[in-house]
Amino acid sequence: MEDFFTNNSVCVSVEAPAENLVQEIAYDGQEVFQLPLTLSENLTKQAHKIDWIIREDDENDDDTLSATVTTEKDVEEESKKADFQTSSWPWDSVRNKLRSALTEVCVLADVLVIAKDKRYMVLDPVQQEQPDQRQLAQLFSKKRGLTAAANILLHGAERLKISQSDTARAKSNQDFHLELLRLRQSWTLKKIGNSILGDLSYKSAGSRFYQTGIFEVTKSEDPNLGLSTETTSENQPKQSMIKVTIPTELGGTSYIQVTIQKDQDILCTTNLNLLHTSLIHSDHSLDANPWTSKLEAAQNVLFCKELFSQLAREAVQLQAAIPHMVVGNQITASLFPGIQLSIHFQSSYSAGVNKRQLVSNSTSLVAKVDHNYILEHSLHQLLRQVHLNNVGQPVPHPSSAPLGPTKRRRLAGPHAYDRDELLLMTKNESILEQIIRQGQHVVLRLRTMFVIDSIAREIRDPLIISHWNVLNSPTLSCVKIIIMTHGYDTLQRTALVVHVGEKTLKCVCRDGRVLHMSYEPQELRDLILCQISQHQINAVQSLARFLGWHVASSSAHLGLGPVEPLGNASSCILSSPSGNRILSVRCGPQAAQPQVYLSTYPRHDTVKNKVLKDMRWEQLNTRYEEVRLEKIEGRNFLSRMELLMASLTCRPPMSWE
Amino acid sequence: MASNQNPISAIDMLTSALRSNIIPNQEYLLQGSVIDSSAEVLHNRLRGLCDAAETGPETFHDHEMCFSLKASSPGGTPQQQQSFLLRVRRALDHPEYPWQLRYLGQPELGEKNQPTVLRSCIDIACTPNVVEFLSELGCRIEFEYVLKGYLFRKGRMKVTMSKIFRMGQAKSPDSLEAMTGSYLVELSLLAPSGQDAVADEIKVFAEQLRPLVHLEKIDYRRLQSYS
């Protein structure tokens, strides 16, 4: 069989199938053929099969390259020859194109080689000009991006701010409540509806004044103000979270001025101002709470108003010998003839500020020294006492007894009080009466002081020492006057006590006598002068005894000699130890110095007398002769008397001339 | 002639005063009790509410004797005989104060909406020999007791919080024996008749003391019928 095949070999030609490729077979078995390729399509199909890259990889060697190209071309040509045998040189245009492409590729390769070396050529990027449109768009986009970022930042900032203000508000609320708590600790507050009202009147303390002292507490509007002031200075008070609104009639400041006038001369003045004292005392609390000062000022205004209206009402009601006058904001009452007590109510709203300056200036000149706080304190006390009496009702005992009556009224029935006692019980001394009494006492005390001081200044020889009691009542004070001689204070002291009342003086002398005197200062002056003269005589007697002299006689009220304008002169007669010298001392209240007379014996003229031969007639005293004390050395009367008596004692009787 | 007119004019004045209703002879009263253990709480509450808080509460220690006078009408049965009670009270801690003779009328409970008990009340201060005087009049001592406690004041109102002690046989204040383990709380106000508005004032104050103490209108007749 093999042979057969070998022998009968058939030539098989390999060629492309004549028929076209089946593209698809329909369901009924019909075949759809592809259209036969055109020449150009076939060429491109073939050309796709050529691997151009392989050829380019081997381009280092031109020969090989060209060889391969030629071989390739040959292959192509052969294949093309086989395909397109009809064209005489149909690949001519293709070859030309390939060649030119090759040339370009070679040039490119050379250029790359050179460029790779970087010895001869450097490749630089070419600056391409940006188009304007593109820049603008970039700008827009950048802008958009920035605005978006800014929005985010702003949003975040807003949120931070909100949260911060929230905490600030919460903090301020907390501060407000804390401060309200502090306010509540010292002032009466209550909540009515949505508002917080406080009461600064003295009603809870017993005041029955018609005017209400209601103030409103609100939250301060501007909390940032406090922060700013806090940073600026620490001295400034911190802005409060609480705003206090007081009624307008309680605004400003007011005070009550008490003046004692004598024919337009101001003897004594007192300014009653609660605020002033409170400012001094409570500085620290003021710093902490700014509303304190405002409320205290308003309370002060209210207090002054109440006090003045009370005084004015009493001034009208009181039936005085000289009627009290109430004119405008002034009450005038007479204390003594020619001396008036005037009470001014002045407030910063009634244009009294300038006047106040004037008054305070004049008083600072006239009566700065005389300023005392007693009247001020009394006015405080008196109204507060009234308040206290209003509040402090006595408690009934036993517990079933009705509320209200005092203990004395309870006792009135069982003890069968009569009408006078009951009337006495109803008598209630008003504030004005009490302040008038105190004013009278102030005047009388000032007068007494003046009298004692002026006498002490005028009379130097016996020293006059006055001791004022520190503790005294508003209407009674006490002074102890001691009269003594310097250097002889253990020898003789004359003491007297003067009780200064409201209209009268009571003087208790050392011997137990009690003298009542009127408010006229001359009476006290006369008394002290009399006491001085008696003191001198008593002191001389004590000195005489001390020196061994005898007191022959003494009289506090001498009926001899010139009549004294007031009181009586006092005198004593002293005789020396041997009896031959007799001193007579006379001291009148008006005399500046005591008068001293000396008498001696034996008489010089008895020697010539032939009639009286008896020796005893020589014992008669001679006439009294006045001793000129001012010629004797010594700092005061007693020292001179001591010197005189000593000299009279030691000298022999005959040698004295 | 003039001496004869004086007592007449005094009586006229008294009657005219009575007519014009200026004599406080009506007592508005609420009562309650608080047990000893919680008395201190009520005490603090009263101190806070009442006047004169700064001076502190006033204590009292009273001795009360109740005298009865039998109005012996010849034809009446013992039930019809009305006994007439008079109370004499003295302050043991303040012997210098006068004794008080007190007449209390029958308490009027009134309607349901009337806030307080209302009773007429006459107080007279007198000397210690009032006991002798009443005995001479034919009064017989019914009972006596000692009250010890605190007295508060709120405006016109009087609040007492007291403990009742039985009078010992020795009649000395030292031998005291407490009747109960609680305090009697009384809220009273004396006013002239016709001033019923004050009853509301009392009611408001009594409300403020709730629930520490319930001050109510106490009906004695019902209490007596229970016992």
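Biologist: How do you know that strand S15 (residues 505-508) of chain A pairs with S16(A)?

Modeller: This is a predicted model. Four bridges join S15(A) to S16(A). Pairing needs at least two bridges. So the two strands count as paired. They run antiparallel.

Biologist: Which residue stands opposite A:Cys507?

Modeller: A:Leu515, in S16(A).

Biologist: What makes S12 and S16 of chain A edge strands?

Modeller: The sheet is open, with five strands in the order S12-S13-S14-S15-S16 (chain A) and antiparallel pairing. Strand S12 (462-468) and strand S16 (514-517) each pair on one side only. Neighbouring strands in this sheet are turned by 20° against each other on average, with direction ignored.

Biologist: Which helices of chain A lie across strands of this sheet?

Modeller: Helix H15 (residues 431-458) lies across S12, S13, S14 and S15 of chain A. Helix H16 (residues 521-546) lies across S12, S13, S14, S15 and S16 of chain A.

Biologist: Why is H15 at about 160° to S14(A), on a scale that ends at 180 degrees?

Modeller: Angles run between N-to-C directions, so direction counts here. H15 runs at about 160° to S14(A). H16 runs at about 35° to S13(A).

Biologist: How many residues does each chain give to the contact between A and B?

Modeller: Chain B gives 24 residues and chain A gives 16 residues. On the side of chain B, the elements giving two or more residues include strand S2 (58-70) and strand S7 (157-167) of chain B. That side divides into eleven nonpolar, four polar and nine charged residues.

Note on methods. Residues are numbered from 1 along each chain as its sequence is written. Chains are lettered from A and ligands numbered from 1 in the order in which they are written. This is a predicted model: local features need pLDDT of at least 70, side-chain atom pairs count only at pLDDT 80 or more; totals for chains, interfaces and linings use all residues. Two residues are in contact if their C-beta atoms, placed from the backbone, lie within 7 Å. Ala, Val, Leu, Ile, Met, Phe, Trp, Tyr, Cys and Pro count as nonpolar, Asp, Glu, Lys and Arg as charged, and the others, Gly among them, as polar. Axes are lines fitted to C-alpha atoms, for helices over the stretch in contact, and angles run from 0 to 180 degrees between N-to-C directions.
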